[in-house]
Amino acid sequence: MDVEVFEEMKRYIGFDEGDVRALKSLEPTVAPHLDGVVDSFYEVAARHPSAMAAFEGGDAQVAQQRKELHRWLTTLFAGEYGPDYFATRCRIGQTHVRVGLAQHYMVTGCEVIRSGLADVIRLASVSDAESKIRSVNKLLALDLGVMLESYKMSYIERVQAREREAMEHKLTRAEHLAEIGQLAASLAHEIKNPLAGISGAIQIIREHFGADHPHSAILGDVMTQINRLDAVVKDLLVYARPSDPRFESCNVDVIVRRILTVLREEPTVQKVPIHYAGNDRVPKIQADEAKIEQLVMNLVLNAAQACVGGGGVTVTTAVHDSKVSLVVSDTGQGLDATVRERAFEPFFTSKAKGTGLGLPICQSIVEAHKGSISLESEVGCGTRAIVELPRRRGGVT
(Lines give C-alpha, C1' and ligand atoms only; values in the text may rest on other atoms or scores of the structure.)
Protein backbone atom coordinates (compact mmCIF):
# COMPACT_ATOMS: atom_id res chain seq x y z
CA MET A 1 0.00 0.00 0.00
CA ASP A 2 1.20 3.52 -0.70
CA VAL A 3 0.19 6.85 0.77
CA GLU A 4 -2.15 7.59 -2.16
CA VAL A 5 -4.25 4.58 -1.17
CA PHE A 6 -4.29 5.89 2.40
CA GLU A 7 -5.68 9.20 1.14
CA GLU A 8 -8.28 7.32 -0.89
CA MET A 9 -9.31 5.45 2.27
CA LYS A 10 -9.83 8.78 4.03
CA ARG A 11 -12.11 9.97 1.26
CA TYR A 12 -13.98 6.66 1.29
CA ILE A 13 -14.97 6.93 4.97
CA GLY A 14 -15.28 10.72 4.95
CA PHE A 15 -12.33 11.46 7.20
CA ASP A 16 -11.92 15.24 6.80
CA GLU A 17 -10.60 18.34 8.52
CA GLY A 18 -13.54 18.31 10.90
CA ASP A 19 -12.41 14.93 12.18
CA VAL A 20 -8.83 16.20 12.47
CA ARG A 21 -9.99 19.12 14.65
CA ALA A 22 -12.21 16.85 16.73
CA LEU A 23 -9.38 14.41 17.42
CA LYS A 24 -6.93 17.15 18.28
CA SER A 25 -9.42 18.72 20.67
CA LEU A 26 -9.73 15.40 22.52
CA GLU A 27 -6.02 15.19 23.35
CA PRO A 28 -6.20 17.03 26.73
CA THR A 29 -9.20 14.93 27.74
CA VAL A 30 -7.92 11.46 26.85
CA ALA A 31 -4.17 11.83 27.58
CA PRO A 32 -4.51 11.32 31.38
CA HIS A 33 -6.52 8.14 30.81
CA LEU A 34 -4.36 6.36 28.20
CA ASP A 35 -2.57 4.28 30.82
CA GLY A 36 -5.95 2.95 31.90
CA VAL A 37 -6.85 2.08 28.29
CA VAL A 38 -3.52 0.24 27.96
CA ASP A 39 -4.16 -1.64 31.22
CA SER A 40 -7.62 -2.69 30.04
CA PHE A 41 -6.21 -3.84 26.72
CA TYR A 42 -3.63 -6.12 28.35
CA GLU A 43 -6.12 -7.40 30.91
CA VAL A 44 -8.26 -8.64 28.04
CA ALA A 45 -5.25 -10.04 26.17
CA ALA A 46 -3.99 -11.87 29.28
CA ARG A 47 -7.18 -13.92 29.30
CA HIS A 48 -6.28 -15.34 25.88
CA PRO A 49 -3.00 -17.34 25.90
CA SER A 50 -2.95 -17.60 22.11
CA ALA A 51 -2.89 -13.78 21.88
CA MET A 52 -0.08 -13.53 24.43
CA ALA A 53 1.90 -16.20 22.57
CA ALA A 54 3.22 -13.46 20.27
CA PHE A 55 5.23 -12.07 23.20
CA GLU A 56 8.01 -14.62 23.12
CA GLY A 57 10.26 -12.24 25.08
CA GLY A 58 8.14 -12.64 28.19
CA ASP A 59 7.44 -9.83 30.68
CA ALA A 60 10.20 -7.61 29.28
CA GLN A 61 8.64 -7.66 25.83
CA VAL A 62 5.16 -7.07 27.25
CA ALA A 63 6.48 -4.04 29.15
CA GLN A 64 8.04 -2.67 25.97
CA GLN A 65 4.87 -3.26 23.96
CA ARG A 66 2.82 -1.47 26.62
CA LYS A 67 4.98 1.60 26.01
CA GLU A 68 4.55 1.20 22.25
CA LEU A 69 0.78 0.94 22.62
CA HIS A 70 0.72 4.08 24.78
CA ARG A 71 2.80 5.91 22.16
CA TRP A 72 0.43 4.76 19.42
CA LEU A 73 -2.63 5.95 21.35
CA THR A 74 -0.99 9.33 21.88
CA THR A 75 -0.46 9.80 18.14
CA LEU A 76 -4.17 9.19 17.51
CA PHE A 77 -4.85 12.66 18.93
CA ALA A 78 -1.78 14.51 17.62
CA GLY A 79 -3.67 16.05 14.71
CA GLU A 80 -1.14 14.92 12.06
CA TYR A 81 -2.41 12.24 9.72
CA GLY A 82 -0.23 12.56 6.65
CA PRO A 83 2.57 10.45 5.10
CA ASP A 84 4.55 10.14 8.36
CA TYR A 85 1.49 8.87 10.21
CA PHE A 86 0.84 6.38 7.40
CA ALA A 87 4.45 5.16 7.44
CA THR A 88 4.29 4.60 11.21
CA ARG A 89 1.12 2.49 10.85
CA CYS A 90 2.80 0.43 8.13
CA ARG A 91 5.74 -0.29 10.46
CA ILE A 92 3.36 -1.28 13.27
CA GLY A 93 1.60 -3.73 10.97
CA GLN A 94 4.93 -5.17 9.82
CA THR A 95 5.96 -5.62 13.46
CA HIS A 96 2.74 -7.52 14.18
CA VAL A 97 3.42 -9.79 11.22
CA ARG A 98 7.02 -10.33 12.29
CA VAL A 99 6.16 -11.32 15.87
CA GLY A 100 3.44 -13.66 14.63
CA LEU A 101 0.37 -11.89 16.02
CA ALA A 102 -2.69 -13.56 14.54
CA GLN A 103 -4.56 -11.25 12.20
CA HIS A 104 -7.88 -11.56 14.03
CA TYR A 105 -6.30 -10.31 17.25
CA MET A 106 -5.45 -7.04 15.53
CA VAL A 107 -9.11 -6.60 14.58
CA THR A 108 -10.48 -7.55 18.00
CA GLY A 109 -7.73 -5.59 19.77
CA CYS A 110 -8.77 -2.44 17.90
CA GLU A 111 -12.33 -3.00 19.08
CA VAL A 112 -11.14 -3.23 22.70
CA ILE A 113 -9.28 0.07 22.29
CA ARG A 114 -12.20 1.73 20.50
CA SER A 115 -14.53 0.77 23.34
CA GLY A 116 -12.06 1.98 25.97
CA LEU A 117 -11.56 5.37 24.30
CA ALA A 118 -15.31 5.79 23.81
CA ASP A 119 -15.88 5.19 27.54
CA VAL A 120 -13.22 7.79 28.44
CA ILE A 121 -14.78 10.40 26.15
CA ARG A 122 -18.32 9.78 27.40
CA LEU A 123 -17.32 9.83 31.06
CA ALA A 124 -15.45 13.13 30.53
CA SER A 125 -18.74 14.69 29.37
CA VAL A 126 -17.03 16.53 26.49
CA SER A 127 -19.21 18.57 24.16
CA ASP A 128 -20.52 16.74 21.10
CA ALA A 129 -19.07 13.50 22.49
CA GLU A 130 -20.77 11.10 20.06
CA SER A 131 -19.58 13.05 17.01
CA LYS A 132 -16.03 13.01 18.33
CA ILE A 133 -16.27 9.29 19.06
CA ARG A 134 -17.23 8.80 15.41
CA SER A 135 -14.05 10.66 14.43
CA VAL A 136 -12.04 8.30 16.65
CA ASN A 137 -13.72 5.31 15.05
CA LYS A 138 -12.89 6.57 11.56
CA LEU A 139 -9.23 6.95 12.44
CA LEU A 140 -9.08 3.52 14.05
CA ALA A 141 -10.65 2.07 10.89
CA LEU A 142 -7.92 3.77 8.83
CA ASP A 143 -5.23 2.44 11.17
CA LEU A 144 -6.66 -1.05 11.03
CA GLY A 145 -6.91 -0.98 7.24
CA VAL A 146 -3.26 0.05 6.89
CA MET A 147 -2.00 -2.49 9.43
CA LEU A 148 -4.05 -5.32 7.94
CA GLU A 149 -2.56 -4.53 4.57
CA SER A 150 0.78 -5.59 6.06
CA TYR A 151 -0.61 -9.09 6.46
CA LYS A 152 -1.72 -9.17 2.86
CA MET A 153 1.64 -7.91 1.64
CA SER A 154 3.42 -10.43 3.84
CA TYR A 155 1.27 -13.21 2.38
CA ILE A 156 1.96 -12.02 -1.15
CA GLU A 157 5.68 -11.88 -0.44
CA ARG A 158 5.65 -15.41 0.99
CA VAL A 159 3.74 -16.72 -2.03
CA GLN A 160 6.12 -14.95 -4.40
CA ALA A 161 9.11 -16.31 -2.47
CA ARG A 162 7.72 -19.83 -2.71
CA GLU A 163 7.02 -19.37 -6.41
CA ARG A 164 10.56 -18.10 -6.94
CA GLU A 165 11.93 -21.04 -4.98
CA ALA A 166 9.81 -23.47 -6.98
CA MET A 167 10.86 -21.84 -10.25
CA GLU A 168 14.52 -21.88 -9.25
CA HIS A 169 14.14 -25.55 -8.30
CA LYS A 170 12.56 -26.30 -11.68
CA LEU A 171 15.29 -24.40 -13.53
CA THR A 172 18.01 -26.15 -11.53
CA ARG A 173 16.35 -29.50 -12.15
CA ALA A 174 15.96 -28.73 -15.85
CA GLU A 175 19.63 -27.78 -16.13
CA HIS A 176 20.62 -30.87 -14.18
CA LEU A 177 18.46 -33.10 -16.35
CA ALA A 178 19.80 -31.49 -19.51
CA GLU A 179 23.35 -32.25 -18.39
CA ILE A 180 22.37 -35.80 -17.47
CA GLY A 181 20.58 -36.16 -20.79
CA GLN A 182 23.60 -35.08 -22.79
CA LEU A 183 25.87 -37.40 -20.85
CA ALA A 184 23.41 -40.28 -21.08
CA ALA A 185 22.96 -39.82 -24.81
CA SER A 186 26.71 -39.78 -25.38
CA LEU A 187 27.24 -42.88 -23.27
CA ALA A 188 24.33 -44.69 -24.90
CA HIS A 189 25.65 -44.05 -28.39
CA GLU A 190 29.16 -45.11 -27.37
CA ILE A 191 27.81 -48.35 -25.91
CA LYS A 192 25.10 -49.17 -28.44
CA ASN A 193 27.24 -50.13 -31.45
CA PRO A 194 29.90 -52.19 -29.60
CA LEU A 195 27.11 -53.94 -27.71
CA ALA A 196 25.38 -54.84 -30.96
CA GLY A 197 28.67 -56.23 -32.27
CA ILE A 198 29.23 -58.31 -29.13
CA SER A 199 25.66 -59.60 -29.28
CA GLY A 200 26.08 -60.65 -32.92
CA ALA A 201 29.38 -62.36 -32.21
CA ILE A 202 27.97 -64.29 -29.23
CA GLN A 203 25.02 -65.48 -31.31
CA ILE A 204 27.35 -66.77 -34.04
CA ILE A 205 29.50 -68.60 -31.49
CA ARG A 206 26.42 -70.02 -29.80
CA GLU A 207 25.05 -71.33 -33.12
CA HIS A 208 28.45 -72.84 -33.92
CA PHE A 209 28.60 -74.68 -30.60
CA GLY A 210 25.12 -76.11 -30.85
CA ALA A 211 22.56 -76.63 -28.10
CA ASP A 212 24.38 -79.61 -26.55
CA HIS A 213 27.73 -77.90 -26.13
CA PRO A 214 28.80 -77.56 -22.44
CA HIS A 215 29.35 -73.83 -22.90
CA SER A 216 25.99 -73.20 -24.54
CA ALA A 217 24.28 -72.38 -21.22
CA ILE A 218 27.05 -69.94 -20.34
CA LEU A 219 26.61 -68.18 -23.67
CA GLY A 220 22.89 -68.06 -22.97
CA ASP A 221 23.60 -66.26 -19.69
CA VAL A 222 25.89 -63.87 -21.54
CA MET A 223 23.11 -63.08 -24.02
CA THR A 224 20.72 -62.45 -21.13
CA GLN A 225 23.13 -59.89 -19.67
CA ILE A 226 23.68 -58.33 -23.10
CA ASN A 227 19.92 -57.97 -23.54
CA ARG A 228 19.75 -56.37 -20.12
CA LEU A 229 22.45 -53.88 -21.11
CA ASP A 230 20.63 -53.23 -24.35
CA ALA A 231 17.46 -52.41 -22.40
CA VAL A 232 19.44 -49.99 -20.22
CA VAL A 233 20.86 -48.28 -23.32
CA LYS A 234 17.39 -47.97 -24.81
CA ASP A 235 16.10 -46.43 -21.58
CA LEU A 236 18.98 -43.96 -21.60
CA LEU A 237 18.21 -42.92 -25.16
CA VAL A 238 14.47 -42.63 -24.47
CA TYR A 239 15.10 -40.48 -21.42
CA ALA A 240 17.92 -38.39 -22.88
CA ARG A 241 16.32 -37.74 -26.27
CA PRO A 242 12.55 -37.89 -25.82
CA SER A 243 10.60 -37.39 -29.00
CA ASP A 244 7.62 -35.06 -29.19
CA PRO A 245 4.24 -36.82 -28.81
CA ARG A 246 2.36 -37.67 -31.98
CA PHE A 247 -1.19 -36.93 -30.94
CA GLU A 248 -4.02 -39.09 -32.18
CA SER A 249 -7.31 -40.39 -30.87
CA CYS A 250 -6.71 -43.41 -28.63
CA ASN A 251 -8.53 -45.39 -25.98
CA VAL A 252 -6.79 -45.87 -22.62
CA ASP A 253 -8.99 -48.87 -21.78
CA VAL A 254 -7.94 -50.65 -24.97
CA ILE A 255 -4.27 -49.78 -24.34
CA VAL A 256 -4.37 -51.17 -20.79
CA ARG A 257 -5.96 -54.43 -21.96
CA ARG A 258 -3.37 -54.82 -24.71
CA ILE A 259 -0.41 -54.15 -22.42
CA LEU A 260 -1.69 -56.55 -19.76
CA THR A 261 -2.01 -59.26 -22.41
CA VAL A 262 1.61 -58.69 -23.49
CA LEU A 263 2.92 -58.54 -19.92
CA ARG A 264 1.39 -61.87 -18.96
CA GLU A 265 4.37 -63.44 -20.75
CA GLU A 266 6.83 -61.63 -18.47
CA PRO A 267 8.25 -63.95 -15.78
CA THR A 268 7.87 -61.31 -13.04
CA VAL A 269 4.28 -60.55 -13.95
CA GLN A 270 3.31 -64.21 -14.20
CA LYS A 271 3.90 -64.60 -10.46
CA VAL A 272 1.73 -61.62 -9.49
CA PRO A 273 -2.09 -61.45 -9.69
CA ILE A 274 -3.19 -58.42 -11.71
CA HIS A 275 -6.78 -57.25 -11.64
CA TYR A 276 -8.31 -54.95 -14.22
CA ALA A 277 -12.08 -54.75 -14.31
CA GLY A 278 -12.08 -52.59 -17.40
CA ASN A 279 -14.01 -49.42 -17.98
CA ASP A 280 -15.54 -49.04 -21.42
CA ARG A 281 -17.09 -45.73 -20.35
CA VAL A 282 -13.72 -44.01 -20.44
CA PRO A 283 -13.72 -41.74 -23.51
CA LYS A 284 -10.96 -41.53 -26.04
CA ILE A 285 -8.17 -39.02 -25.52
CA GLN A 286 -5.81 -37.14 -27.78
CA ALA A 287 -2.42 -38.71 -27.04
CA ASP A 288 0.59 -40.54 -28.42
CA GLU A 289 -0.55 -44.16 -28.24
CA ALA A 290 2.95 -45.63 -28.24
CA LYS A 291 4.01 -43.40 -25.35
CA ILE A 292 0.87 -44.19 -23.35
CA GLU A 293 1.62 -47.88 -23.90
CA GLN A 294 5.12 -47.34 -22.53
CA LEU A 295 3.66 -45.43 -19.57
CA VAL A 296 1.23 -48.23 -18.71
CA MET A 297 3.88 -50.91 -19.17
CA ASN A 298 6.40 -49.17 -16.91
CA LEU A 299 3.85 -48.56 -14.15
CA VAL A 300 2.48 -52.11 -14.20
CA LEU A 301 5.99 -53.61 -14.25
CA ASN A 302 7.00 -51.41 -11.31
CA ALA A 303 3.93 -52.49 -9.37
CA ALA A 304 4.45 -56.18 -10.18
CA GLN A 305 8.12 -56.03 -9.15
CA ALA A 306 7.07 -54.53 -5.81
CA CYS A 307 4.84 -57.57 -5.23
CA VAL A 308 7.39 -60.32 -5.89
CA GLY A 309 7.46 -61.09 -2.16
CA GLY A 310 3.65 -61.14 -2.03
CA GLY A 311 0.76 -58.94 -3.01
CA GLY A 312 -1.17 -58.03 -6.11
CA VAL A 313 -1.73 -55.27 -8.64
CA THR A 314 -4.93 -53.43 -9.49
CA VAL A 315 -5.33 -51.17 -12.51
CA THR A 316 -8.27 -48.79 -12.77
CA THR A 317 -9.32 -46.12 -15.23
CA ALA A 318 -11.92 -43.39 -14.81
CA VAL A 319 -13.04 -40.09 -16.29
CA HIS A 320 -13.26 -36.84 -14.30
CA ASP A 321 -14.62 -33.86 -16.22
CA SER A 322 -11.95 -33.06 -18.82
CA LYS A 323 -9.44 -35.66 -17.62
CA VAL A 324 -8.98 -39.41 -17.79
CA SER A 325 -7.26 -41.02 -14.83
CA LEU A 326 -5.17 -44.17 -14.70
CA VAL A 327 -4.35 -45.63 -11.29
CA VAL A 328 -1.95 -48.54 -10.83
CA SER A 329 -2.06 -49.84 -7.25
CA ASP A 330 -0.09 -52.60 -5.61
CA THR A 331 -0.19 -54.23 -2.20
CA GLY A 332 3.55 -54.79 -2.15
CA GLN A 333 6.25 -53.57 0.19
CA GLY A 334 5.56 -49.84 -0.25
CA LEU A 335 8.00 -46.93 -0.14
CA ASP A 336 9.28 -44.90 2.77
CA ALA A 337 9.09 -41.10 2.65
CA THR A 338 12.67 -40.63 1.41
CA VAL A 339 12.33 -43.08 -1.47
CA ARG A 340 8.90 -41.71 -2.40
CA GLU A 341 10.23 -38.14 -2.59
CA ARG A 342 13.12 -39.21 -4.83
CA ALA A 343 11.16 -41.70 -6.94
CA PHE A 344 11.07 -39.45 -10.02
CA GLU A 345 14.74 -38.52 -9.71
CA PRO A 346 16.76 -39.90 -12.68
CA PHE A 347 18.97 -42.91 -11.90
CA PHE A 348 17.64 -43.20 -8.35
CA THR A 349 16.38 -46.69 -7.58
CA SER A 350 15.81 -48.84 -4.53
CA LYS A 351 15.85 -52.02 -6.61
CA ALA A 352 18.76 -54.42 -6.84
CA LYS A 353 18.28 -54.37 -10.60
CA GLY A 354 17.13 -51.31 -12.46
CA THR A 355 18.30 -48.13 -14.14
CA GLY A 356 16.24 -45.72 -12.08
CA LEU A 357 14.75 -44.33 -15.29
CA GLY A 358 11.34 -46.03 -15.35
CA LEU A 359 9.42 -43.43 -13.35
CA PRO A 360 11.36 -40.43 -14.76
CA ILE A 361 10.42 -41.65 -18.24
CA CYS A 362 6.79 -41.97 -17.10
CA GLN A 363 6.91 -38.44 -15.72
CA SER A 364 8.39 -37.16 -18.97
CA ILE A 365 5.61 -38.83 -20.98
CA VAL A 366 2.87 -37.47 -18.73
CA GLU A 367 4.29 -33.93 -18.72
CA ALA A 368 4.59 -33.99 -22.51
CA HIS A 369 0.84 -34.66 -22.56
CA LYS A 370 0.20 -31.78 -20.07
CA GLY A 371 -0.97 -34.26 -17.45
CA SER A 372 0.11 -35.08 -13.91
CA ILE A 373 1.57 -38.10 -12.13
CA SER A 374 1.96 -38.68 -8.40
CA LEU A 375 2.72 -41.46 -5.94
CA GLU A 376 0.98 -42.41 -2.73
CA SER A 377 2.77 -45.03 -0.68
CA GLU A 378 3.21 -46.45 2.80
CA VAL A 379 5.73 -49.02 3.92
CA GLY A 380 4.05 -52.39 4.25
CA CYS A 381 0.82 -51.22 2.61
CA GLY A 382 1.76 -50.75 -1.03
CA THR A 383 1.87 -47.95 -3.57
CA ARG A 384 -0.55 -46.09 -5.85
CA ALA A 385 0.67 -44.40 -9.02
CA ILE A 386 -1.95 -41.84 -10.09
CA VAL A 387 -1.90 -40.44 -13.61
CA GLU A 388 -4.28 -37.82 -14.97
CA LEU A 389 -4.30 -37.06 -18.68
CA PRO A 390 -6.32 -34.33 -20.43
CA ARG A 391 -8.84 -35.60 -22.93
CA ARG A 392 -7.81 -32.96 -25.44
CA ARG A 393 -4.37 -32.14 -26.78
CA GLY A 394 -2.51 -29.63 -24.61
CA GLY A 395 -5.13 -29.88 -21.87
CA VAL A 396 -7.73 -27.79 -23.81
CA THR A 397 -11.21 -29.01 -23.04
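**Cavity.** I started with the lining of the largest cavity, where strand S3 gives the largest share, three residues. My strands (E, at least two residues) and helices (H or I, at least four) are DSSP runs, numbered from the N terminus. By cavity I mean a set of points on a 1 Å grid over the protein atoms alone where a 1.4 Å probe fits but cannot get out; a pocket is an open set with protein on both sides within 12 Å along at least five of seven lines, and lining residues have an atom within 4 Å of a point. I join grid points across faces, edges and corners, and take as volume the space filled by probe spheres set on the points.

How much space lies in the largest cavity? I get about 30 Å³, and the count of cavities of 30 Å³ or more comes to one. Ten residues line the largest cavity, and the closest to its centre are Phe247, Gln286, Ala287, His369 and Pro390. S3 (285–287) and S7 are the elements that give two or more residues to this lining. I sorted the lining into five nonpolar, three polar and two charged residues. For that, Ala, Val, Leu, Ile, Met, Phe, Trp, Tyr, Cys and Pro count as nonpolar, Asp, Glu, Lys and Arg as charged, and the others, Gly among them, as polar.

**Ground rules.** I am working on a predicted model, with local features needing pLDDT of at least 70 and side-chain atom pairs counting only at pLDDT 80 or more, while totals for chains, interfaces and linings use all residues. Residues are numbered from 1 along each chain as its sequence is written, and side-chain values use heavy atoms, with hydrogens and water left out.

**Second largest pocket.** I noted a volume of about 740 Å³ for the second largest pocket. Its lining has 31 residues, with Phe41, Tyr42, Leu69, His96 and Leu101 the closest to the centre. Helices H3 (34–46), H4 (49–52), H5 (59–76), H6 and H7 (103–123) each supply at least two of the lining residues. The lining of this second largest pocket divides into 19 nonpolar, nine polar and three charged.

**Sheet.** I traced an open sheet of five strands in the order S2-S4-S5-S7-S6, with mixed pairing. S2 (274–276) and S6 (372–378) are the edge strands, each pairing on one side only. From one strand to the next the twist averages 15°; the axes behind such angles are lines fitted to C-alpha atoms (for helices over the stretch in contact), and angles run from 0 to 180 degrees between N-to-C directions.

Next I went to S5. Why is S5 largely enclosed by the rest of the structure? Seven of the eight residues of S5 (residues 323–330) are buried, so the strand is largely enclosed. Buried is under 20% relative accessible area, exposed over 50%, partly exposed in between (1.4 Å probe, protein chains only).

S5 pairs antiparallel with S4 (residues 313–320) over eight bridges, and Val319 stands opposite Val324. The S4–S5 hairpin has two residues between the strands, and Asp321 there takes a positive phi near 55°. S5 also runs antiparallel to S7 (residues 382–390), again with eight bridges. In that pairing I found Val328 partnered with Ala385 and Lys323 opposite Pro390. Pro390 is also among the residues closest to the centre of the largest cavity.

**Rings.** I searched the whole structure for aromatic pairs and got five. Rings of Phe, Tyr and Trp (its six-membered ring) pair if their centres lie within 6.5 Å; planes under 30 degrees apart are stacked, over 60 edge-to-face, the rest tilted. Phe6 and Phe86 have ring centres 5.3 Å apart and planes at 35°, so I logged the pair as tilted. The two sit 80 residues apart, Phe6 in helix H1 (residues 3–13) and Phe86 in H6 (residues 83–99). Phe6 is buried at 1% relative accessible area, and Phe86 is buried at 7%.

Tyr81 and Tyr85 pair edge-to-face, 5.2 Å centre to centre with 80° between the planes, and both are buried. Ring pairs link Phe6, Phe15, Tyr81, Tyr85 and Phe86 into a cluster.

Conventions. Pairing = 2+ DSSP bridges.
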